[in-house]
Amino acid sequence: MKLRPDIPDVLYKRSLFSWVWTSNLKLQSVLLVIIVVTVAVRVLPLEMQKKIINQAIGLKRLDLLVMYCGYYLACVVAASGLKLAINALQNYIGQESLTDLRKKLYAHILTLPMSFFRKASPGMVVSSLVAEVANTGEFVGQAVAVPVTNLLTLLAFAGYLFYLNPLMALISMALYPIAILVIPALQRRANAANKERVDTGRKLSTMIGETISGIHEIHANASFRLENKRFGAWADKLFKVRVVWNLYKFAIKVSNNFFQNLGPFVLFLVGGYLAINGRFDLGALVAFLSANEKLYDPWKELMDFYQTYQDASVSYDRIMEYFQGDPEFLEEPEEPRPAVALDGAVTARDVVLEVPGGIQLLKGVSLDVNPGEQVALVGFSGSGKSTLALCLCQILKYTAGTAKLSGLDIDAMPKSDIADNVGVVSQHPFIFEGSIKDNLLYSINARREAHGVTGEEGLPSLDEIIAVVQQVGLFADVLRFALNSVFKEGKKEHLVKKVVRVREAYLAGHGESLAGSVEFFDPSRYLYYSSVGENLIFGTPRQPDFEPERLTGNAFFIGFLHDAGLKMLLMQTGAELTSRTVDILKDVPSPDAVFFEQTPIMAEEFETYRDLAGRLGRVRLHKLSAEDERLLLTLALRFTPGIHTIVTLSPILEGLLLSGRAMFADRVATDMPGAVTFFRREDYLYPMTVMDNILFGRVKTTSPKVLDQIQKTIVSLLIEEDMLERILEIGLDFQVGTNGDRLSGGQQQKVAIARAFLKEPPILILDEATSALDNASQTRIQNLLENKWKGRSTVISVVHRLDTIKNFDKVAVMKAGRIVETGSYAELMDKKGMLYELVHGSAPRA
Amino acid sequence: MSLSTDQPQGLKSCGFNECLDILRELPVFSGVPLDVIKVLAYLSGRETFDAGEALCEQGEALDRCFYVLSGEVAMDRRIGDCAVTLPRRGPGQFFGGLGLLAPAKALFSVHAVADAECLVLTKEKFQKTAERFPDVWPKILGNVVGHVFRWEEAFLAAHAKECAETGEMGLSLF
């Protein structure tokens, strides 16, 4: 006989119980064995109780008393130890199954068709995977242990009671059926009352919300009494509902206690009578009372387990229903085989894409593209050009007709074959958290992982990466990231020397022309584009507690601030920065890095400073705690007036800071020589970025033009010093932030284009891939397609700018889900058809 | 050691409050709650442009808006070889607001004719803010539509005859 039921392959068809079968069955068996032992160990103390009273105490035998008490103790210790073991195993099995479910569900979600993600909210997917599945894990962990333990315990206790006295056993158990009838009835009423409580609560909430939104009207009409009356009516209703609900809850509790306490009453009455008549011994009565009391625990645990089961099955069913859906395409070939290499030919015959509601987005599209040919898809908005492109790379599934890549039916191809041969750049590409390099290699690494390739195999060289970065116009961005990085002292020493040489060459060649855009590190001037801390220290720390972020914990430095008359002024500045920033950003939902560029508060510190701002409103500055003082000074020392314009640097503070710089230098020289090396033109400035080091100053502007100009002059010097490649490598390690939010839209698109180019696929599908780029970058990509990729890769490009399509081999014009004309640009323009209309239309609608 | 005397202009006054006042009075942000304007003012920056320097170029993406604080700018549009130049504008001139709302290419080039300082808000920062306060969209859209109708009404009144001759429908029927 087959014990294990059939478990469907499709995740969402699996039952909750199937996870018990696929859990760690070995551990479940061990658990069962432990449970059986535990139950025995739980019953033994009852027998010991009887023997202690009847034999040891009754016969006044001390030796028996010691022996039975010893057994009793051993049983109690063993029962506790075993209970711990059961819980540990139960927990392990549950968490293991939960992880298994999470992984399978995640893998399933990833393969669901695009139509699912159009409807699904990311929040629901997140909460399903993170929170809701937890119930299932808990259930699987308990599924064997709890019912078996408690049923066996119940049976064992009941059996023991029958063994002691069948009549009394029957009497004491007669109460359970009554409890089974009464308590669920009360529970039903409590549930109904609870529902009414929730409904009334919601109505009350709606009313409050309405009042707040309409507060203008209430004040204008002075309708306070009227509104209070309205609110009062609902509040009273809630009062009544809550009283009733609580009464039912208490009734359930009281009933439970009543039935539990009624047991001993019956036992005393009947047992006492029997004992007086000599038909029942005292030891047995004590054991009976104990067993009867203990019956309640497994009973309660079973009830709790039932609740866990209910909760788990509700959330499990909801999750599985939500994620119901089958992948539209095979993920990988059924039999493992090496990747196929396509020649790049694309054909489509009468391709139709119909969405629910009978709407056809593509109404029978036919297209032939030869290997290496470049096709531009153009058309009015909503004409289906993106839809067609997405059907050709399996992101969407066409519903009728045929489409083939190198003669292979796209419908039947596994996704891995498509990914091996097609590079896709979408209009809004997605950039993942990690470095630029991670993102550039994303497509390649996905294929390496799929084919089990490890080590360096299949990875492009640094030169190849840099070449592509240059081709797509990301070079300047990567260089900027590199120039904005800070070297740790003792690292990259060979580069450091070269940077100092570049600094001198730069000053000689361009120093004067950039004087307006750069604030040089001049010891006699206050630097508005450097922080207050940098202005004071004006050097490279040689001891860790002189590092910028550790200054507030440095007693020497704090003492100096005090003596220089700066401490209170800086705390005042810190307080202003805190209040201003919190006032501006307090209501911004989930602010990202961009919102913290113009304040010295960092994103992860915002909550701390929000709390501090609250305290600042109540407590005077000089009465703040030492920790709050530290927080304020931290901000003040980061304050950079040229960037953090929400607060002004007062001339008094500026003067004090400037004289403080000189005072600090004197103090260090006398009290802590060597703690700081003051900035000198011939040294590398470790706390500063590479760019600051080259300029021996800081750029005052964020204007891209000025930055480009400076960068161009730097590049040639970097090449002279043969360090460009190393610098770019540093730039490639730039962390792009969650969702790539530290990159602009244009940079993200360039990364996505480079990512597809690095893969060198025989087919490239570009869906408005250059829409976020400036004219020069668009032209650069266009030239690249025309020169580098011509004849090498088939290119199907959805184009919105018609001035870029002249050199495509073929232009396909789409309108209302159909290709209305195809031909070379010149042919179609001569024909004066749709393309002509598009190009010369009164409004650019492409 | 002496006090610095060449403190940048923007550092002398509290840039934020001034910026807040300017943005509050811009028609495109009319009706936008003060809390959101505060965020936009905070995210705006000052940029200086030397005489002759371009603020934006015709045909390039219009991805920031400008408010001229000081100096003078000139706007021109090149049609083939011919350039149409608009009168010079000075402090108080605002342009580029529409570019914040959706991808657009500048139809004009704007150059500084005298050293100019501008308040600049980039599209990226505006969009990030608007994403977080979606309630501002209907207000801004209302302002834009209102402006289009007012502008067209004035235009039609001034050029009624030419419009009738060319059959141009204008924007308000879009």
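**Reading a two-chain predicted model**

Biologist: What share of the contacts in chain B with a separation of 6 or more comes from residues 24 or more positions apart?

Modeller: Contact means heavy atoms within 4.5 Å. In chain B, 72% of the contacts with a separation of 6 or more come from residues 24 or more positions apart.

Biologist: What ground rules apply here?

Modeller: This is a predicted model: local features need pLDDT of at least 70, side-chain atom pairs count only at pLDDT 80 or more, and totals for chains, interfaces and linings use all residues. Residues are numbered from 1 along each chain as its sequence is written, chains are lettered from A and ligands numbered from 1 in the order in which they are written, and side-chain values use heavy atoms, with hydrogens and water left out.

Biologist: How many helices and strands does chain B have, and in what order do its elements run?

Modeller: Helices (H or I, at least four residues) and strands (E, at least two) are DSSP runs, numbered from the N terminus. Chain B has six helices and six strands. From the N terminus, the order is α-α-β-β-β-β-β-α-β-α-α-α. Along the principal axes, the C-alpha atoms of chain B fill a box of roughly 75 × 40 × 25 Å.

Biologist: How many residues does chain B have, and what share of them is buried?

Modeller: Buried means under 20% relative accessible area, exposed over 50%, partly exposed in between (1.4 Å probe, protein chains only). Chain B has 174 residues, and 41% of them count as buried.

Biologist: Take one helix. Which residues of H15(A) are buried?

Modeller: Helix H15 of chain A spans residues 442-450, and its buried residues are Ser443(A), Ile444(A), Arg447(A) and Arg448(A). They lie on the same side of H15(A), because they cover an arc of only 135 degrees around the axis. That arc is taken from the directions from the helix axis to the C-beta atoms.

Biologist: What covers the buried residues of H15(A)?

Modeller: The cover includes helix H13 (415-421) and helix H28 (745-759) of chain A. After H15(A) comes Gly452(A), with a positive phi near 65 degrees.

Biologist: Now a single residue. Is Thr713(A) buried or exposed?

Modeller: Thr713(A) counts as buried, because its relative accessibility is 17%. Thr713(A) sits in helix H26 of chain A, residues 704-720. Set aside its neighbours within four places in sequence, and Thr713(A) is in contact with Tyr506(A) and His510(A).

Biologist: Which side chain makes a polar contact with that of Thr713(A)?

Modeller: A polar contact is a pair of N or O atoms within 3.5 Å; within protein, one must be able to donate a hydrogen and the other to accept it, and residues adjacent in sequence count only if both atoms are side-chain atoms. Here the partner is Tyr506(A), at 3.4 Å.

Biologist: How do I read a salt bridge within a helix?

Modeller: Side chains of opposite charge can pair when their charged atoms come close. The rule asks for a side-chain nitrogen of Lys or Arg within 4 Å of a carboxyl oxygen of Asp or Glu. Over all chains, the count is 48. One joins Lys104(A) and Asp100(A), 2.8 Å from N to O. They are about one helical turn apart, because four residues separate them in helix H3 (residues 62-111) of chain A. Lys104(A) is partly exposed at 37% relative accessibility. Asp100(A) is partly exposed too, at 24%.

Biologist: What area is buried between chain A and chain B?

Modeller: The size of an interface is often given as the accessible area lost when the parts come together. The loss is computed with a 1.4 Å probe and summed over both parts. Between chain A and chain B it is about 3,200 Å², with 54% from carbon and sulfur atoms. In contact terms, 45 residues of chain A meet 33 residues of chain B.

Biologist: How many residue pairs are in polar contact across the interface of chain A and chain B?

Modeller: Ten, with both residues at pLDDT 80 or more. On the side of chain A that touches chain B, helix H21 (567-585), helix H24 (651-671), H26 and helix H29 (775-787) of chain A each supply at least two residues. H24(A) gives the largest share, five residues. By class, that side has 21 nonpolar, 13 polar and eleven charged residues. Ala, Val, Leu, Ile, Met, Phe, Trp, Tyr, Cys and Pro count as nonpolar, Asp, Glu, Lys and Arg as charged, and the others, Gly among them, as polar.

Biologist: How many salt bridges are there between chain A and chain B?

Modeller: Four. Asp592(A) is buried at 11% relative accessibility, and Arg132(B) is buried at 15%.

Biologist: Which residue of chain A meets Lys38(B) in a salt bridge?

Modeller: Asp583(A), at 2.8 Å from N to O. A network of salt bridges links Asp583(A), Lys586(A), Asp587(A) and Lys38(B).

Conventions
Buried area = accessible area lost by both parts, 1.4 Å probe.
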